[in-house]
Amino acid sequence: MIAITSVGIYIPAGRESNYDRKAQFDIDDDFIVGKLGVEEVSRKSIEEDTSDLCVKAFEDLKSRTSGDMNAIDCLVVCTQNPDGGGLPHTSAIVHSKLGLGKDCACFDISLGCSGYVYGLSIVTAFMQSNGFSTGILFTADPYSKIVDPQDRNTALLFGDAATATLLQSEPVKGSWQAGPFRFCTSGKDGAALENREGKLVMNGRAVFNFSATAVPVQVQSLLNDQQLGVDDVDLFLFHQGSKFIVDHLTKRLALPPQKVPIDLAKQGNTVSSSIPLLLQRYLDDPELNRMLLSGFGVGLSWASCLLTRTS
Amino acid sequence: MQQTLVELAHGVNPRAVLSSEADMDRPFRDIGIDSLEVMSVMLAAMEKFDIEIPDTEADVLVSLNELGSFVEKELVRLGRSA
């Protein structure tokens, strides 16, 4: 059995305050706090590249674990803003910076906000099929590389962060097993969120309509197929697109708000890192036994899965 | 139509100011519906009336009455009563 045993995180220290942009974008405090839910967005330094964010997340992971972190069988990076142009793959650069041995499989996954859920499935299956004992799934998608500071749709929203999720084949009691999974794609609508000549362009209305309608269907389908109700799930960890969309999903699915944590205020929407950033907080909570994760965005792509605590 | 749109708008933002006929013609922002809530109102209208509102139209529908006029035209175009 492959399970999540720990999550390391890194949020760069740099910040850009949305309160400083109120006049520029004609917004007020209520909009910042009540709708965006983002007071400031995190920004990596000029010197930091995507692989450096991964290394920092790995250092945090190491500080949380006691095992041999040099014996890693596979290292996977989920990003669409890799070092350089993605050649070589960022996972190989991270491998080098961590000084890992040659017996380590490395590859990147190109996905946005659904990437963490996809990544859990990919890494779990890859480890199982190859008899691996230790794998790490990184998420690091620093949108500051492509956000146009003058674009109201994106500049107020996206922040930089990285996470490192440790998956092990002989997990300690209380680890988290991922699955079953649900994956969906609507490639014909992909232009709603794309990199156009080096700049992120987002059709906010199209992304909202998609998120508000497609995600609840997938989540409900997953619950129904497992014969689970809302009461059977302790927490719903949605991709932190904005407070507005998470609130909307909560309402549509008739979820108790206390089961749907929101944490965007101090870093913003961190793309594939937003779910593991949340998850890290709750992994060790003994009161929790089942969580539902759901990521949605670039693609358009959406993916959901359950996490169940191992006994 | 007007009553339905008022209900949709209040479903999104119960504090939206819709106390008079004139409020139906005021820009969304002036009745307390911000840019994100406008998206939500339009989605609610799309689902309620089973129509599409293209981005090109959505960009120019700035009041509830304009939204209502668009919905009615769409229903007629689709052969459904408004």
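Predicted model: local features only at pLDDT ≥ 70, side-chain atom pairs only at ≥ 80, totals over all residues.
A:Tyr118 is a buried residue, with a relative accessibility of 18%. It counts as buried because the cut-off is under 20% relative accessible area.

How many aromatic pairs does a search of the whole structure find? Over all chains, the search finds nine. A:Tyr118 belongs to one of them, with A:Phe183 as its partner. The ring centres are 4.5 Å apart, and the planes stand at 45°. That makes the pair tilted.

Where do the two partners sit? A:Tyr118 is in helix H5 of chain A, which covers residues 115–130. A:Phe183 is in strand S8 of chain A, residues 176–185. The pair therefore ties together parts that lie 65 residues apart in sequence. A:Phe183 is partly exposed, at 36% relative accessible area.

Now turn to A:Tyr143 and A:Phe158. Their ring centres lie 4.8 Å apart. Their planes meet at 40°, so this pair is tilted. Both partners come from loops of chain A. A:Tyr143 is in the loop between strand S6 (134–140) and helix H6 (152–155). A:Phe158 is in the loop between H6 and strand S7 (162–168). The pair thus ties together parts 15 residues apart in sequence.

One group remains. A:Phe107, A:Phe126 and A:Phe132 together form one aromatic cluster.

Methods:
Residues numbered from 1 in each chain as written. Chains lettered and ligands numbered in written order. Heavy atoms only, no water. Phe/Tyr/Trp six-rings, centres within 6.5 Å; stacked < 30°, edge-to-face > 60°. Helix = DSSP H or I, 4+ residues; strand = E, 2+ residues; numbered from the N terminus. Buried < 20%, exposed > 50% of the residue type's maximum accessible area, 1.4 Å probe, protein only.
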